[in-house]
Amino acid sequence: MILVTGGAGFIGGNFVLDWLAHADAEGIVNLDKLTYAGNLATLSPLEKDARHVFVHGDIGDKALVNQLLEKYRPRAIVNFAAESHVDRSIHGPAEFVQTNIVGTFNLLECAREYWNSLETQDKEQFRFHHVSTDEVYGSLSSSDPAFTETNPYKPNSPYSASKAASDHLVRAWFHTYGFPVITTNCSNNYGPYHFPEKLIPLVILNALNGKPLPIYGDGQQVRDWLYVGDHCSAIRKVLASGKLGETYNIGGWNEKANIDVVKTICSILDELKPRTDGKSYAEQITFVKDRPGHDRRYAIDASKVERDLGWRPAETFDTGIRKTVQWYLDNPIWIEGVVSGSYRDWLKQQYN
Ligand code: NAD
Ligand code: TYD
């Protein structure tokens with residue numbers, strides 16, 4: 001089996017579904033705390049699948065993690081569990097420190113003890129795959145080259161600082177203890193099952209509900225977008241063939257300004273589900289107060305994973321964003337489930 005943490009969240013959920021869609025896949029033990037971002041509805045297609053064992057719990061719970069490692073004897077851990085939203089990290093950084101740093105530390109220590117107890121062959125095969133972000137590298141100007149794996153870490157938000165700290169712990173566990181780690185630093189993901197507090201799903205749902213489409217500042221901030229299925233295929237590839245102790249940048253060479261992303265979503269919706277008054281959804285675009293410390297540009301140079309491991313994304317931004325908009329149109333029941341009271345409280349706090 002493999003142990004996945006945070007597998008009820010956006011990327012972890014997609015990863016678990018994708019992994020088990022392969023008939024010959026090993027089973028998954030899925031440890032997730034079910035914070036506001038965790039959603040068992042994402043995993044409902046696996047309800048009768050004996051290869052998936054869901055465990056409700058915290059990566060910071062030492063007794064629980066030890067017990068799971070002892071019971072299921074995984075040959076790998078893929079660590080997705082994290083607090084992941086920059087805006088929430090600005091309002092309340094404590095949870096980010098707790099889960100992203102202290103939680104990762106606990107997971108590393110439990111895993112190291114377990115790994116030390118393995119027989120030689122299992123020990124050699126074991127992998128700890130840490131899923132991280134390009135935001136650890138900080139912000140680029142419009143003329144800077146894209147981030148490579150050798151860029152210095154310069155995190156600017158409580159979220160990216162906490163992820164950077166966890167990456168450093170993972171790195172140190174390799175250098176000091178020889179513990180078999182690999183880290184991937186990926187650009188912004190989008191796709192199905194994305195919690196609608198992040199830009200793309202928020203804009204799709206607000207558009208359909210006749211609400212304003214909030215653009216922070218001037219909307220010229222650039223993100224490098226990757227379809228979530230491509231992130232999952234990259235993790236599979238790195239887990240199978242990545243070199244121990246290495247880091248790999250994952251991205252799809254899809255830099256877009258926020259305003260252009262939002263306009264693209266509007267024009268796809270205009271085509272697939274036109275407004276009843278015949279106007280464009282772009283009329284709902286509203287510029288709002290900028291995010292404090294807002295990073296101007298992220299861009300990933302994915303040459304290393306392409307060259308060394310032969311990974312390539314399957315989707316372009318145009319195909320991926322169309323699939324994503326269609327998925328939100330086709331899945332009102334999943335959406336109803338996530339648009340709960342706590343979600344409405346967040347919208348009120350963030351957008352007044
Ligand atoms: P998410 O917020 O959608 O999901 C996080 C999941 O982790 C949730 O299911 C939550 O319940 C769970 N969780 C939180 N704290 C936990 C804890 N203490 N113990 C166990 N489970 C816990 O996040 P996501 O967007 O799916 O991101 C997954 C990982 O990928 C994160 O580590 C994130 O930093 C990284 N990442 C995200 C992106 C992106 O664009 N979303 C890009 C690059 C990297
Ligand atoms: P987000 O999806 O929160 O991802 P991240 O901050 O991790 O990159 O935001 C993507 C970009 O969209 C980012 O530059 C902030 C911007 N943004 C808005 O302009 N309006 C919004 O309502 C949100 C949530 C984000």
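How many bridges join S5 to strand S6 (residues 181–186)?

## Basis of the model

This is a predicted model, in which local features need pLDDT of at least 70 and side-chain atom pairs count only at pLDDT 80 or more, while totals for chains, interfaces and linings use all residues. Residues are numbered from 1 along each chain as its sequence is written, chains are lettered from A and ligands numbered from 1 in the order in which they are written, and side-chain values use heavy atoms, with hydrogens and water left out.

## The sheet

Six bridges join S5 to S6, and the two run parallel; strands here are DSSP E runs of at least two residues and helices H or I runs of at least four, numbered from the N terminus. Within this pair, His130 has Thr183 of S6 as its bridge partner.

The open sheet has seven strands in the order S3-S2-S1-S4-S5-S6-S10, with parallel pairing, where two strands pair if DSSP finds at least two bridges between them. Strand S3 (52–56) and strand S10 (247–250) stand at the edges with a single partner strand each, so one side of each is left without a neighbour in the sheet.

Of the 28 residues around ligand 1 (a heavy atom within 4 Å), Ile11, Asp32, Ser84, Tyr159 and Lys163 come nearest. S5 gives the most to this shell, with three residues.

An oxygen atom of ligand 1 is 2.7 Å from an N or O atom in the side chain of Tyr159, and an oxygen atom of the ligand is 2.6 Å from an N or O atom in the side chain of Lys163; polar contacts are pairs of N or O atoms within 3.5 Å.

Note on methods
Polar contact = N/O pair within 3.5 Å; in protein donor to acceptor, adjacent residues only side chain to side chain.
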